[in-house]
Amino acid sequence: MNEKITIGKIQAKKGKEPIVAITAYDAPTGAIVDEAGVDLILVGDSAGMVVLGYETTLPVELNTMLTFSQAVARGVKKAHICFDMPFMTYHISIEDGLRNCGRAIKEGCAESVKIEGARVELVRALVECGIPVLGHLGFTPQSIHQLGGYRVVGKMEEEAERLIEDSIALEKAGAYALVLETVPEEISEIITKELKIPTIGIGAGRFCDGQIIVLHDIIGLYKPTPRHARLYRDVHKDILKAVREYSNEVRTKSFPQNENITHLTEEILKKIRESRNKR
Ligand code: KIV
């Protein structure tokens, strides 16, 4: 039986069961979140901040994302894998967007792409090519300078109306689901009710059809923990403890021990010693 979670299975959850989505950027964490049973793994350009140490997502390159996505795909068996298209890989022209999104599927081994903003024409063109698109509206981190910094989008009437209209336009263009980031709960509730496709919220309240989160934000690998996230475990503390213990044991010579060591057979050791003595 094919266990793989398809966009159809994700869509079928709307109104029935919340969709669980999370980011991953490498094979081991991809495998762990898959084993935990999430529905969708986003190979997010948040990697730029939480893995590569940039201040924003803007410097992330397509080739870097391809490497991350290939690694995730090697670790994942079941969850749907979505490729987050980095800044300026789909903005220049429809043709350029199609080419780059095609690489995400062909080379990145992803099953859909996520693009920020109401790029309706591009979404339509991608869907026509058979590339499923996850839309992303509200606070769109690649437009951080245009938006004037990290902020809630859709608090004022005009911006809220635009958000609702853009959501409808993306659904009409063929997006299979829509991420709503940092928008007032009342707006994401209205959009969730208006759309037939599922909404997946991050900092968008309780009424979306699912939630998405950056893995590193909920395990303490990126600090401070953003307001929209919850610290479920502090892996930072665990790694710190493990590396301090290791350092201490190296310095006090209690690591490595016999179980960590490989020995030669007496016979080979004897031969080597004899050969050394002849020199
Ligand atoms: O890059 C990312 O991780 C994202 C999510 C926050 C939706 O875009």
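How do the residues of the shell around the ligand divide into nonpolar, polar and charged? Hello everyone, let me start with that one. The shell splits into 3 nonpolar, 4 polar and 4 charged residues. For the classes, Ala, Val, Leu, Ile, Met, Phe, Trp, Tyr, Cys and Pro count as nonpolar, Asp, Glu, Lys and Arg as charged, and the others, Gly among them, as polar.

A quick word on the model. It is a predicted one, where local features need pLDDT of at least 70 and side-chain atom pairs count only at pLDDT 80 or more, while totals for chains, interfaces and linings use all residues. Residues are numbered from 1 along each chain as its sequence is written, and side-chain values use heavy atoms, with hydrogens and water left out.

Now, the ligand. Its surroundings are made up of Thr-23, Leu-42, Gly-44, Asp-45, Ser-46, Asp-84, Lys-114, His-136, Glu-181, Ile-202 and Val-214; to be near the ligand, a residue needs a heavy atom within 4 Å of it. Three of these names come up again as polar contacts, meaning pairs of N or O atoms within 3.5 Å. Ser-46 has a polar side-chain atom 2.5 Å from a ligand oxygen. For Asp-84, the distance from a polar side-chain atom to an oxygen of the ligand is 2.9 Å. Asp-45 has a side-chain N or O atom 3.0 Å from a ligand oxygen. On its own the ligand would expose 260 Å², and the protein buries 96% of that, using Shrake-Rupley areas with a 1.4 Å probe.

Where does the ligand sit? In the largest pocket. A molecule sits in a pocket if more than half of its atoms lie within 2 Å of its grid points.

On to the backbone. Which peptide bonds are cis? One runs from Lys-223 to Pro-224, with omega near 0°, and another joins Phe-255 and Pro-256, with omega about 0°. Pro-224 lies in the loop between helix 10 (215–218) and helix 11 (235–251). Pro-256 belongs to the loop between helix 11 and helix 12 (266–278). Helices here are DSSP runs of H or I with at least four residues, and strands are E runs of at least two, numbered from the N terminus.

Is Lys-253 buried or exposed? Lys-253 counts as exposed because its relative accessibility is 71%, the cut-offs being under 20% for buried, over 50% for exposed and partly exposed in between. Met-88, in the loop between strand 3 (80–84) and helix 5 (94–106), has a positive phi too, near 70°. With a relative accessible area of 38%, Met-88 is partly exposed.

Finally, some buried residues. Leu-180, in strand 6 (residues 177–181), is buried because its relative accessibility is 0%. Leu-180 and Phe-139 are 41 residues apart in sequence, with 7.7 Å between their C-alpha atoms. Pro-141, from the loop between strand 5 (133–138) and helix 7 (144–147), is buried at 12%.

Terms used: A polar contact is a pair of N or O atoms within 3.5 Å; within protein, one must be able to donate a hydrogen and the other to accept it, and residues adjacent in sequence count only if both atoms are side-chain atoms. On a 1 Å grid over the protein atoms alone, a cavity is a set of points where a 1.4 Å probe fits but cannot get out, and a pocket is an open set with protein on both sides within 12 Å along at least five of seven lines; lining residues have an atom within 4 Å of a point. Buried means under 20% relative accessible area, exposed over 50%, partly exposed in between (1.4 Å probe, protein chains only).
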